[in-house]
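The entries follow the order in which I looked things up.

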Amino acid sequence: MKKGYPVKLLKETLKFTLSVLVLSVLVFGMSRLAPGDPLYAYYGERVEKMSVVEQEQARARLGLDEPLPGQYVRWFRGAVHGDFGISYQYKTDVKEVIAARIGNTLLLGGLGFFLVFALAPLLGIFCAWREDKAVDRLICRIGTVTSCIPEFWLSLLLLLVFAVWLGWLPSSGAYSVGKEGSLADRAAHLILPLAVVVLGHLWYYAFQVRNRLLEEVRADYVLLARMKGMSGRQVLYRHCMRGVLPSYLSMMALALPHILGGTYVVETVFSYPGIGTLAYESARYQDYNLLMVVSLFTGTLVILCNMAARIVSERIDPRMRARGGVDGGEVRRL
Amino acid sequence: MDLLQVKDLSVSFCRPEGEKEALKNVSFSLRKGEVLAVMGEAGCGKSVLCKSILKLLPDIAVVRTGHIYVKGEEITGYSDKQMQKLRGSFFSAVFQNPMTALNPCMSVGEQIVEAVRLRHPQLSRGERRQKTEELMELVGLDHPKERVGQYPFQLSGGMAQRCVIAIALAAEPEVLFADEATTALDVTVQAQILELFLELRKRMGMSIVLITHNPGVAAQTANRVALMRGGELYRIGDVEEMFEEGISCEIT
Amino acid sequence: MDLSHCNAAPGREFFFGTDALGRDIFSMIWHGGRISLLVGVLATAISTVLAVLVGSASGCAPAWADGVLMRLTELVLSVPGLLLTVFLQAVLGGTDAFCLSVVIGLTGWMSMAKVVRTEVLQLKNTDYVLAARCLGGGFFHVLFRHMVPNFVPSVLFMAVMNVRNAIVAEATLSFMGLGLPVETVSWGSMLSLSQDALLTRSWWTILIPGVFLAGTLLCLTNLGDYMRKSASKRHSNLK
């Protein structure tokens, strides 16, 4: 507010670029310094039959013989021009590999995020309004239990019940072979992974909304609002929700990369072809170029969303503006 | 007929660790246009009295005995919905700390407009806004046009309390409860606010229940004084005779 | 291990049945639980120490150092957790429980550090700290007598939650084949056989370790909630 808007924008952009740059160096360094041979990713088992000379030639062909800073500069130059190199494992342009899969992840994670985003306040308000009543206690109980179930085990459980025992839903993939265009088939494949994503996250956020609402409800302004002749419900929606909204929005901004990028466990269990499985494979098999792009993608998302969360809580919440703003919220891992 | 009559009111708080009586057989009545000061030390039940008449007490508070009459009609058993009609039209209140009584996330203008809208739902947007500005001027907030957009944290304590009073006045109440309305303020601001109360009473003809622990405030503004101790209202009388008898040393 | 009894259903001989390798699940549950809990506690010890160090340093340091530390934390946070895990594992080179604990500990301190920092910042500005300093209390006196007692409950709560997260992390990593190998028995590594179990419909291989895992996590959550429970007696103004 002291500085002009353009200056602030410039500063934020600068910070962002710097963060992404440092992130790329970090990811680059980490992936190359980790032991393991990327040649395996490219040639598979054949590497073992190659002579040392052949291996050296292969390395030179892939540009892996240069010293590290040189490799980074070369990668960076390419990246600026939109060339991210080829995937060793898939032997095609990294962009193509990702383009084929990103839609699936966006569909799963995006839909999951949207559902959590929409359902959490509803559930939170529902519970807050019935604070300490039997319904609220029951929901809290169930919620605590669901939040204690690891995602991968929940996936297994659902698979066991709905795919193996009941046979209602398909167990893996994003679509059945030969039915790529069928919407119903897509949906059937999406139900179980989506259920895991939503169930795994919903309660955490709903509980946050509930608790924050209960804090708001204890504030003095509620009495004044009721003195105006408002009903309790009106006060809850019009006054208390307003106090919760900024922190909810910044919480959800932090949740976006978490949900979108955190789908890899679910993707692995359901063999769902998305970015998550790609990240997993590329990290395990030293598929450097692919790893770089995937990591940068998720990392950039994290940086962007952290920024969004900070801006939201500083800009929207009048209380933060009064205090000068601390506390960026919490990010959960895995 | 008395505007408000309280008969034999007893209120208890039921906590898991036991029941505690907060009000014991309190009786008093309030006449039209008068200022009644309720005095007593901290924790003697002044606020509970005010909140139990308004039915703003939490669930754990239970009315054991007693009746409350508004213009002769008993409201003791009123549901929350029925009370909503009384609150914000017949009753209104100003609370102690203006900084917490105002919603920190809403501009003061919005909060006053809201009160106006609830009182006069038929008004158009422009009329509401105009009424809000009138109210702000009435309570002594300068430049109302600029102030409507301000948030509570941008105001001083006195200014914020004026906003709370504007909200209370938007209800055009017949009975205004001022629950330690001036305690949190500077002495000079305190005097200004009290004067404002008296002036408004004259202009709008409302009765005021002034809850305070400051005898000076009571002597200055009240017509009658009620004294409370340990949940009991043990004396009530005209301000002159009470102060002549030297009650001030008794309560402070 | 008894290869003649692969995938035996729960019965009188094997209470919880046997897995695809012919191992008795009943005895593995108890044996594996030790490893899971050990990893959880060890990883938490590492991450908590790191988080408290970074967080309190950041909270007490001058603004520029605080900024640098927090940027660093955010940066580590933005590196995909998976990559960090694989990298650390490769660097440490081992696949035993101890190495895995270090890996999980080193990848799980960031968000806690942020919370600690906020906490320290808030504490620093409280009136009682100011009062203690006015009374002539030295830095360490104020730190240990006034700040630490106020700070311990929330750190304890977070530590318990971290044990939970670490156990989940161990199980997830082992399940995905990035953590403990099948030979090292833990609840997670037992579940890594469950993809096959889905095919052979041996539900006990999936269900039983998972139930124990989830039960443990639930207990930890309750323990954490119990610690956090504040003595707030204020009542709702809404009704």
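I began with the orientation terms: angles under 35 degrees count as roughly parallel, over 145 as roughly antiparallel, 65 to 115 as roughly perpendicular and the rest as oblique. I worked on a predicted model, in which local features need pLDDT of at least 70 and side-chain atom pairs count only at pLDDT 80 or more, while totals for chains, interfaces and linings use all residues. Residues are numbered from 1 along each chain as its sequence is written, and chains are lettered from A and ligands numbered from 1 in the order in which they are written.

Entry 1, chain B. The crossing is right-handed, a term used if the near helix is turned clockwise from the far one by less than a right angle. Leu135(B), Met136(B) and Leu138(B) of H5(B) meet Ala166(B), Leu169(B) and Ala170(B) of H7(B), where contact requires C-beta atoms, placed from the backbone, to lie within 7 Å.

I found the axes of helix H5 (residues 94-129) and H10 of chain A to come within 11 Å and to cross at roughly 150°. H5(A) and H10(A) are therefore roughly antiparallel, and H5(A) passes H10(A) in a right-handed crossing. Among the contributors from H5(A) are Gly109(A), Phe113(A) and Trp129(A), and H10(A) supplies residues including Leu236(A), Tyr248(A) and Leu260(A). The contact of H5(A) with H10(A) divides into 12 nonpolar, three polar and no charged residues.

I noted that the contact takes 53 residues from chain A and 44 from chain C. Elements giving two or more residues to this side of chain A include helix H1 (5-33), helix H13 (288-315) and H12. The side of chain A that touches chain C has 34 nonpolar, 12 polar and seven charged residues.

I then took one helix pair across these chains. Helix H12 (residues 275-284) of chain A and helix H3 (residues 81-92) of chain C pack at an angle of about 20°, with their axes 10 Å apart. That angle makes H12(A) roughly parallel to H3(C). Ala279(A), Tyr280(A), Ala283(A) and Arg284(A) of H12(A) meet Leu82(C), Leu83(C) and Val86(C) of H3(C). This contact has six nonpolar, no polar and one charged residues.

I found 18 residues of chain A in contact with 24 residues of chain B. H9, H10 and helix H14 (318-323) of chain A each supply at least two residues of that side of chain A, and H9(A) gives the most, with six residues. The side of chain A that touches chain B has nine nonpolar, four polar and five charged residues.

How values were computed
Axes are lines fitted to C-alpha atoms, for helices over the stretch in contact, and angles run from 0 to 180 degrees between N-to-C directions. Helices (H or I, at least four residues) and strands (E, at least two) are DSSP runs, numbered from the N terminus. Two residues are in contact if their C-beta atoms, placed from the backbone, lie within 7 Å. Ala, Val, Leu, Ile, Met, Phe, Trp, Tyr, Cys and Pro count as nonpolar, Asp, Glu, Lys and Arg as charged, and the others, Gly among them, as polar.
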